[in-house]
Amino acid sequence: MESTSSEKTEQKGTKYLVFFDLDKTITSTVSGRIIAKAAYRKGMLRGRVVLSALFNSLAYRLHLKNQLSIINDMLTWVRGVPVMSLEALCSEVFAGIIKPSIYSDAIKEIEMHRSGQAKIVLLSSSLEPLCSLAAGHLGLDDVICTVPEVKDGLYTGLTKRVPCFGKEKVNRMKEYCEMNNSRPEEAWYYGDSESDVPVLDAVGHPVCINPDRWLKKTALRKNWEIYRWN
């Protein structure tokens with residue numbers, strides 16, 4: 001059944017964990033593509049890099065390339081970029097484009113869980129500079145995401161851990177549950193695409209936001225919640 005939000009939370013009055021994806025779940029945008037375009041306009045990236053970003057976005061939507069490959073490409077784009085430069089760019093992009101794209105229904109859902117005493121976590125494959133801004137703006141309790149490696153004030157093009165995607169996303173979620181004396185079976189996860197299936201499968205309360213057609217098939221088969229947000 002499709003709806004816009006949860007009517008109530010479980011475990012009222014106790015701490016439980018709620019994980020939200022970022023791109024196309026909390027927001028209607030894809031942050032990596034937006035950052036690449038903005039970096040090009042500022043002369044931080046060459047045109048072929050932006051074309052690659054656009055191609056990757058299209059290839060992912062058509063299932064011609066997986067998101068992990070796209071994340072790794074993004075990391076090569078920021079190699080050699082000063083940390084302060086990317087942070088400033090992310091702040092500008094977030095304020096001007098990504099913040100206005102946050103679904104009003106996402107804000108309502110976050111508030112609903114907050115009133116139920118949940119601990120709310122951003123769990124995203126997106127890069128840390130942007131995820132931190134989004135989590136801070138929304139008042140979320142924690143961030144789990146892809147953290148780029150830094151050396152001498154410059155991004156190296158590598159990550160501190162495996163990019164937070166697919167099975168790694170599940171591993172991070174389970175680690176966080178264990179650290180917070182909670183079980184994945186008691187947790188919620190909100191995602192939008194087929195790449196979110198491993199995490200949705202691992203939690204007790206999977207919720208699909210404006211799912212792509214591949215995720216919608218799985219959601220209907222598994223009887224997962226489907227919400228239509230705007």
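Cys177 is buried, with a relative accessible area of 0%. Buried here means under 20% relative accessible area, exposed means over 50%, and partly exposed lies in between (1.4 Å probe, protein chains only). Cys145 is buried too, at 4%. The structure holds 0 disulfides, a disulfide being a pair of cysteine sulfur atoms within 2.5 Å. For Cys145, the nearest cysteine sulfur belongs to Cys131 and is 4.2 Å away.

This is a predicted model, in which local features need pLDDT of at least 70 and side-chain atom pairs count only at pLDDT 80 or more, while totals for chains, interfaces and linings use all residues. Residues are numbered from 1 along each chain as its sequence is written, and side-chain values use heavy atoms, with hydrogens and water left out.

How confident is the predictor? pLDDT is its confidence in each residue, from 0 to 100. The mean pLDDT of the chain is 87, and 81% of its residues reach 70 or more. Over residues 8-13 the pLDDT is below 50, yet this stretch has 16 contacts in the model beyond near neighbours in sequence. A contact means heavy atoms within 4.5 Å. Where pLDDT is low, the predicted coordinates should not be read in detail.

Now the overall build. The chain has 9 helices and 9 strands. These are DSSP runs numbered from the N terminus: helices are H or I with at least four residues, strands are E with at least two. Of the 230 residues, 50% count as buried. Among contacts with a separation of 6 or more, 61% join residues 24 or more positions apart.

Next, the interior. A nonpolar core is a set of buried Ala, Val, Leu, Ile, Met, Phe, Trp, Tyr and Cys residues joined through side-chain atoms within 4.5 Å. The largest one has 40 residues. Phe20, Ile26, Leu86, Leu122, Tyr190 and Trp229 touch the most other members. Elements giving two or more residues to this core include β2 (17-20), α5 (104-115), β3 (119-127) and β8 (205-209). Helix α4 gives the most, with 7 residues. Leu122 shows the packing around one member. Leaving aside neighbours within four places in sequence, Leu122 is in contact with residues including Phe20, Ile26, Cys131, Ala134 and Val143.

An α-helix has 3.6 residues a turn, so residues three or four places apart point the same way. Gly43 follows α1 and has a positive phi, near 80°.

Move on to strand β7 (residues 188-191), where Gly191 sits. Why does Gly191 count as buried? Because its relative accessibility is 0%. Beyond four places in sequence, Gly191 is in contact with Asp21, Thr25, Asp196, Leu200, Val207, Cys208, Ile209 and Leu215. Gly191 and Leu215 are 24 residues apart in sequence, but 9.3 Å apart in space, C-alpha to C-alpha.

Strands β5 (residues 148-151) and β6 (residues 154-159) pair in the antiparallel sense over 3 bridges. Pairing requires at least two bridges found by DSSP. Val150 stands opposite Tyr155 in β6. The hairpin has 2 residues between its strands, and Asp152 takes a positive phi near 55°.

How values were computed: pLDDT = per-residue confidence, 0-100.
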